[in-house]
Amino acid sequence: MNLLKDWLLGVIAAALAVALAQALTPEGAVKKVGRLVGGLVLLLAVVRPLGKLELDGLAVAAANMGSLAGTEERAGEKVMKTLIVEKVGAYIVDKGSALGVDCQASVTVRADETGWLVPWAVEITGDLTAEQERRLSQAVEEELSIPAQRQSFRKEVP
């Protein structure tokens with residue numbers, strides 16, 4: 001019965017955390033990525049393996065919960081970073097395609113001043129004209145909140 005209770009509390013805590021994150025996330029592409037990551041976090045909370053150890057006392061339970069929470073938090077952060085890198089990179093490549101250019105995007109993710117993981121910088125590689133570079137840079141700044149100072153463009157070497 002304890003296992004079911006612990007599992008249910010974990011799912012509820014994850015749902016509350018995801019709901020809070022969604023409420024605090026700014027509108028735009030970051031919110032879309034956040035929804036995807038939130039769904040994955042909830043999925044992980046639902047299917048995560050249940051602990052196999054019988055906990056004798058409250059102190060042991062608290063210590064184990066703290067240890068597991070730290071491990072899950074680090075794993076969740078890694079998953080979130082990977083998803084942000086992939087989704088934002090794909091978004092930039094799609095924007096480049098809309099401008100008629102074949103490009104690649106390498107995204108760097110960092111925690112902002114509030115602690116949320118956000119796309120921080122991007123390196124775009126491709127054979128862009130000055131106008132295509134300007135328009136893509138403007139789109140990245142407006143839609144992904146990555147300022148021009150944290151964007152770099154590199155010509156693709158054949």
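This is a short chat about the fold of one predicted model.

Reader: Before we start, what should I keep in mind about the numbering and the confidence cut-offs?
Author: Residues are numbered from 1 along each chain as its sequence is written. In this predicted model local features need pLDDT of at least 70 and side-chain atom pairs count only at pLDDT 80 or more, while totals for chains, interfaces and linings use all residues, and side-chain values use heavy atoms, with hydrogens and water left out.

Reader: Fine, so which elements does the chain have, and in what order do they run?
Author: The chain holds four helices and three strands, taken as DSSP runs numbered from the N terminus (helices H or I, at least four residues; strands E, at least two), and from the N terminus on they follow the order α-α-α-β-β-α-β.

Reader: How are the strands arranged in the sheet?
Author: They make an open sheet, ordered β1-β2-β3, with mixed pairing, where two strands pair if DSSP finds at least two bridges between them. Its edge strands, each pairing on one side only, are β1 (103–111) and β3 (151–154).

Reader: And in which sense do β2 and β3 pair?
Author: Strand β2, residues 117–126, pairs with β3 in the parallel sense over four bridges, and I124 has F153 of β3 as its bridge partner.

Reader: Switching topic, how much of the chain is buried?
Author: Of its 158 residues, 27% count as buried, meaning under 20% relative accessible area with a 1.4 Å probe, protein chains only.

Technical notes: Buried < 20%, exposed > 50% of the residue type's maximum accessible area, 1.4 Å probe, protein only.
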